[in-house]
Amino acid sequence: MIENVDISLVDWSRAQFALTAMYHWMFVPLTLGLAFIMAIMETIYVKTGNPEWKTITKFWMTLFGINFAIGVATGLILEFEFGTNWSNYSWFVGDIFGAPLAIEGIMAFFLESTFIAVMFFGWNKISKKFHLVSTWLVAFGANLSALWILVANGWMQFPTGMKFNPETARNEMENFWEVFLSPVAINKFLHTISSGYVLGSIFVLGISAWFLIRGRHKLLAKRSIIVASVFGLITSLFLVMTGDGSAYEVAQKQPMKLAAMEGLYEGQEGAGLVAVGALTPGKEYNDNKDAFLFKVEIPKMLSLLSYRDADAFVPGVKDIVEGYDYTNKNGVTTNDISAEEKIKKGKIAINALANFRKAKEAGNEAKAKEYRITLEENFQYFGYGYLNDPASIIPNVPLTFYSFHIMVALGFLFIALFAVALVFIYKNNLEKQKWFLWTALFSIPLAYIASQSGWIVAEEGRQPWVIQDILPTVAAVSQIDASSVQITFWLFAAIFTALLIAEIKILIRQIKIGPKDQEGGK
Amino acid sequence: MNKHQNIFKRIYLFYYNGFRDMPKYGIQLWILILLKLFIMFGILKVFFFPDILETQFETEEEKSKYIIEQLTKPNQ
């Protein structure tokens, strides 16, 4: 099949999906984070009865509403693309992807849309407590929606709890709990939502800093900074923990992605973690060039984080492509077969599927059973059968490496930002720290860059797979005209940009207006 | 809101008053949402994003046969 697929079709389909997914992801993390921040603020209002907290809550709720409205339906495009551009994939994953998405759709619709209306229209019409419950339910609803889609994504990174049915060419869910509670899915969910909490905190911190720079709405700004900094500091520390959990799972389930994240070409025992580094341009996995122009490493840290053992062997890109059999000084062996052997097994699996189908059509049940067994024995390498070059299992190393390091560096910067904000609040001199206020303001785009970088690591780092080891991107794409995908790519780019400009204008205007029409405003 | 009114009427009035009293930016956002939904469902979905399997095949059997053909092409 790979010989027949137009590579420009695959590339344009990927580009289009990346464009729409990244556009969608511009709005989701702020929804996730800001929902909890305003719920905390409203809780303080209900507990204290201080109307100033109501004003603060309503102001951030307005910005939440604008962001929510901007993001509405942007995810629907992705579903369109599944049916048009990725029909092989959509069919192949079957109910595994369908079930979580259906639950997500129902939950999002009923929980979020119902309580969002109560939250916005209910001030002074329902009791304070019921309004507060609605706000918390919006926050939990948004996060629950994220849960289901991330469970589906986690399954693609680590397919489990299913069985491939050769009669229908679909993966069928055998164990819902294995899919739902997969360690990859759980870590992915926690890491993703906590990144949203951090982004939401930085948004509140940055906008509040801007108010202080301008000398406006000082009380609102200071109180918002306190909530955002405390929430941000706690969640950014949690983000580090869940990031560690995610990377640990990557090491176990997607070692090539880990090698790309760290630019590790040659496997090492007691491998160091690259803190800062620049990759050598044009490096091939099997040449003799040094992988780095320069790097600063934390000794043994990669082994420790990846396998909870400072002396563990971490396979590099070359080891994974060529296969490895490594025994450490304690006699512990780690090994894996080469990509070439996996490709052979994958082709056996694909042939078995084709022959199974022919035997079924011919009514030869005995032969069909034989081919089914061969298919099942080799199914874990099914996707490799679509590849011809062992090197094609290597993702874009520079993109994965730099995205990962940008995300991590910014994550630690944000921890420092929240901590410093709290120190200045404690010393009661935050307003005078203009440099800090400007840094907080300009951290807003950095939070978005970190968030998008995380997804680039997750999705680019797992290439060439759509479903790890069992379906490569090239086999997942529909056989449609590449030019039509190209047209819709540019169409999306134009429409999204126009809508984004219009909507951001509304957001900025509301920020500039501030909470003037509410109690205790300017 | 009158608590003695019918529950459905109260819910209706809750939404009716909510939309009626919506600030200007809320109206603008609703216009953008509706415009976005029209572009997505009225133009993109209809003209650019047909569901390949739904439009080309009628039965599940036909769809699975097609996908198996797609997935096993090089080996036939």
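Q: What makes the side chains of A:Asp311 and A:Lys300 count as a salt bridge?

A: Happy to show you! A salt bridge is a side-chain nitrogen of Lys or Arg within 4 Å of a carboxyl oxygen of Asp or Glu. Here the N to O distance is 2.7 Å, so the pair qualifies. This is a predicted model, in which local features need pLDDT of at least 70 and side-chain atom pairs count only at pLDDT 80 or more, while totals for chains, interfaces and linings use all residues. Residues are numbered from 1 along each chain as its sequence is written, chains are lettered from A and ligands numbered from 1 in the order in which they are written, and side-chain values use heavy atoms, with hydrogens and water left out.

Q: Why can this pair be said to tie parts of chain A together?

A: A:Asp311 sits in the loop between H11 and strand E6 (313-314), and A:Lys300 in the loop between strand E5 (292-298) and H11, so the bridge links parts 11 residues apart in sequence. Helices (H or I, at least four residues) and strands (E, at least two) are DSSP runs, numbered from the N terminus.

Q: Is B:Arg20 buried, partly exposed or exposed, and how do you know?

A: Buried means under 20% relative accessible area, exposed over 50%, and partly exposed in between (1.4 Å probe, protein chains only). B:Arg20 has 52%, so it counts as exposed. Its salt-bridge partner B:Asp21, with closest N and O atoms 3.2 Å apart, has 47% and is therefore partly exposed.

Q: What makes A:Glu297 and A:Lys295 a salt bridge, too?

A: Their closest N and O atoms are 3.1 Å apart, so the pair meets the salt-bridge limit. A:Glu297, at 33% relative accessibility, counts as partly exposed, and A:Lys295 counts as partly exposed at 38%.

Q: Why is the second largest pocket said to lie between domains?

A: Domain 1 (7-257 + 396-512) and domain 2 (264-336) of chain A both give residues to its lining, so it lies between them. The domain bounds come from an automatic or database domain assignment. On a 1 Å grid over the protein atoms alone, a pocket is an open set of points with protein on both sides within 12 Å along at least five of seven lines, and lining residues have an atom within 4 Å of a point.

Q: Which helix gives the most to that lining?

A: H9(A) does, with nine residues. Of the 46 lining residues, those closest to the pocket's centre are A:His191, A:Gly243, A:Phe404, A:Met407 and A:Val408.

How values were computed
On a 1 Å grid over the protein atoms alone, a cavity is a set of points where a 1.4 Å probe fits but cannot get out, and a pocket is an open set with protein on both sides within 12 Å along at least five of seven lines; lining residues have an atom within 4 Å of a point.
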